[in-house]
Amino acid sequence: MQSTASAMTGIYRPGYPFSGAELQVMRAEGLLRPMLADVYTEQQLPDTPQTRATAASALLNRTLRRCAVLCGETAAWVHLGRCAPAKITVITPGVYRRPTRQRWQIHQVPLAEGEAEACGPLPVTVPLRTAADLFRGIGTLTSQRSLDLMDADSRDEQLGYWPEAADPLRPDRSQICTAAETGQNPAEHRMQLIGELAHQAGFGAEELTEAVLAHRSAASRAEAVEQTAAQCVSRRLPTVR
């Protein structure tokens, strides 16, 4: 099987050469497994960061594939393989003015040298920059308020559930984590993603604080950033059963 819709053999979306109905049949027969949204991969392909980045790229248009860097919750999914995002979150240079049709969330923010790395067909923010963006609210699908600006009470007010993707993004809702399913509010979920990235990549609260403050216009809340960063790196994602 081969699709022209993706840069990697074995990644498919509805269209040529298979319709959505055909992909569903192949999934039912055990030939494919869902990755995110309406993207499927051949069953024998390993679930690697490169495979996940390729699946994310299949949801972008040609222009974004040339210039976008996966960031925020999408980058966290690429690195960790947990909680496929309901939208693809990217950083682009300059101003991207084309309509997004609610499929992408685009941020025009600076990227320093070394803050992105190649991963399959698209670059992705490195784990430390990904964690700093999640802290600051870059590439997040609910509140985009920085975690240090949210006290415990305001974080608790975010109880609810993660936005579900609308068709045609979501043929399989089981691939999307919701706060209602995990017992978390959105801020807590962000903090746990940061903690998991810190554990996997081996950075601590000091490095995270420095990365967050490097992209702040003012460091007046450095103490609050440091305290919140320490809380973040101590967290881990709940075990999936």
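**Group meeting: contacts and pairings in a predicted model**

I start with Q105, which touches I88, T89, V90, G139, T140, L141 and Q144, leaving out residues up to four places away in sequence; contact means heavy atoms within 4.5 Å. This is a predicted model, so local features need pLDDT of at least 70 and side-chain atom pairs count only at pLDDT 80 or more, while totals for chains, interfaces and linings use all residues. Residues are numbered from 1 along each chain as its sequence is written, and side-chain values use heavy atoms, with hydrogens and water left out.

Back to Q105. Q105 sits in strand β6; strands (E, at least two residues) and helices (H or I, at least four) are DSSP runs numbered from the N terminus. How far is Q105 from I88, in sequence and in space? They are 17 residues apart in sequence and 6.1 Å apart in space, C-alpha to C-alpha. Q105 has 14% relative accessibility and therefore counts as buried. The cut-offs are under 20% relative accessible area for buried, over 50% for exposed, and partly exposed in between, with a 1.4 Å probe and protein chains only.

Next, the salt bridges. A salt bridge here is a side-chain nitrogen of Lys or Arg within 4 Å of a carboxyl oxygen of Asp or Glu. How many does a search of the whole structure find? The search gives seven salt bridges.

One of them joins R13 and D38, with 2.9 Å between the closest N and O atoms. That pair links distant parts of the chain, 25 residues apart: R13 is in the loop between β1 (11-12) and α1 (20-28), and D38 is in the loop between β2 (32-36) and β3 (39-42). R13 and D38 are both buried.

Another joins E115 and R129, whose closest N and O atoms are 2.6 Å apart. This pair also links distant parts of the chain, with E115 in the loop between β6 (104-107) and β7 (116-119) and R129 in helix α5 (residues 127-136), 14 residues apart. Both partners are buried.

R129 has a further partner in D133, at 2.8 Å between the closest N and O atoms. D133 and R129 both lie in α5, four residues apart, about one turn of the helix. R129 is buried at 3% relative accessibility, and D133 is buried at 0% relative accessible area. Together, E115, R129, D133 and R136 are linked in a network of salt bridges.

Now a helix pair. α9 (residues 205-214) and α10 (residues 222-233) pack at an angle of about 130 degrees, with axes 8 Å apart. Axes are lines fitted to C-alpha atoms, for helices over the stretch in contact, and angles run from 0 to 180 degrees between N-to-C directions. Are α9 and α10 parallel or oblique to each other? They are oblique; angles under 35 degrees count as roughly parallel, over 145 as roughly antiparallel, 65 to 115 as roughly perpendicular, and the rest as oblique.

As for residues, A205, L208, T209, V212 and L213 in α9 meet a set in α10 that includes A222, V225, E226 and A229.

Last, T228, which is also found in α10. T228 is buried, with a relative accessible area of 7%. Which residues does T228 contact, leaving aside neighbours within four places in sequence? T228 is in contact with F135, L147, D148 and M191.
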